[in-house]
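Please keep the sequence and the model in view while reading.

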Amino acid sequence: MTVTPAAVTEPNQPPAPRRSLVAALATLAAVACILLVVVVLPAARSDPYTRQTLDLTGSATDGGRLFRLNCAGCHGLAAQGLVGPNLHGVDRRKNDRQLIQQVVSGRTPPMPSFQPEPQAMADLLAFLHALP
Ligand code: HEC
């Protein structure tokens, strides 16, 4: 008859708690999933910058000034489109979060990533909304 070494060297240890370990891991995974869905995804959808920007009231006049300085080279002075697309009615194609992403992300080269202050971003949004 053979005796397992573990039983010989560690007589006081209970047998490996496999079941409860698996259950604990499953619980941990479930909690992680719930946290991801409840906390991380909404936060990613609305990061502090976006939330702060959306809480501000923008000025289309100031936004127009920023637009002529930063954006008109590609989108045209009247946002009629040049290298970049015509932006008239862009707020019907994209919601505010998507417009903010478009400006800050740099995900669609050659359009660069801009880092406007939240107020400046709110002004740009107001300008885009004011386009016919
Ligand atoms: C270097 C050129 C360039 C500059 C500068 C630029 N853009 Fe763009 N922009 C583009 C191009 C190119 C696209 C199209 C990207 C794509 O979808 O592939 C685009 C797309 C966009 C769109 C989405 C249009 C749509 O139909 O969905 C918005 C909104 C926009 N730009 C706003 C801005 C604003 C606001 C600024 C200034 C802060 C700016 N852009 C500066 C080149 C530029």
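Pro110 lies in the loop between H7 and H8, where helices (H or I, at least four residues) and strands (E, at least two) are DSSP runs, numbered from the N terminus. The model is a predicted one, in which local features need pLDDT of at least 70 and side-chain atom pairs count only at pLDDT 80 or more, whereas totals for chains, interfaces and linings use all residues. Residue numbers start from 1 along each chain as its sequence is written.

**Backbone features in the loops**

The peptide bond that joins Pro109 and Pro110 is cis, with omega at about 10 degrees. As background, most residues other than glycine have a negative phi, and most peptide bonds are trans. Ala79 is buried because 22 other C-beta atoms lie within 10 Å; the term buried requires 20 or more other C-beta atoms within 10 Å of the residue's own, while exposed means 12 or fewer and partly exposed lies in between, with C-beta atoms placed from the backbone.

**The chain as a whole**

The chain contains eight helices and zero strands, and its pattern along the sequence is α-α-α-α-α-α-α-α. Of the 132 residues in the chain, 14% are buried. Among the contacts with a separation of 6 or more, 65% are between residues 24 or more positions apart, two residues being in contact if their C-beta atoms, placed from the backbone, lie within 7 Å.

Two packed helices are described by the angle between their axes and the distance between the axes. Here the axes are lines fitted to C-alpha atoms, for helices over the stretch in contact, and angles run from 0 to 180 degrees between N-to-C directions.

| Helix pair | Angle | Axis distance |
|---|---|---|
| H4 (residues 60–70) and H8 | about 95 degrees | 7 Å |
| H7 and H8 (residues 118–130) | roughly 115 degrees | within 11 Å |

In the second pair, Asp96, Leu99, Ile100 and Val103 of H7 meet Met121, Leu124, Leu125 and Leu128 of H8. By class, this contact of H7 with H8 has seven nonpolar, no polar and one charged residues, where Ala, Val, Leu, Ile, Met, Phe, Trp, Tyr, Cys and Pro count as nonpolar, Asp, Glu, Lys and Arg as charged, and the others, Gly among them, as polar.

Ile100, placed in helix H7, counts as buried because it has 23 C-beta neighbours inside 10 Å. Leaving aside residues up to four places away in sequence, Ile100 touches Thr50, Thr53 and Met121.

**Around the ligand**

Of the 21 residues around the ligand, those that come nearest are Cys71, Cys74, Gly84, Thr108 and Met111; a residue is near a molecule if its C-beta atom, placed from the backbone, lies within 6 Å of it. Helix H5 (72–75), helix H6 (90–93) and helix H7 (96–105) are the elements that give two or more residues to this shell. The shell residues divide into 13 nonpolar, six polar and two charged.
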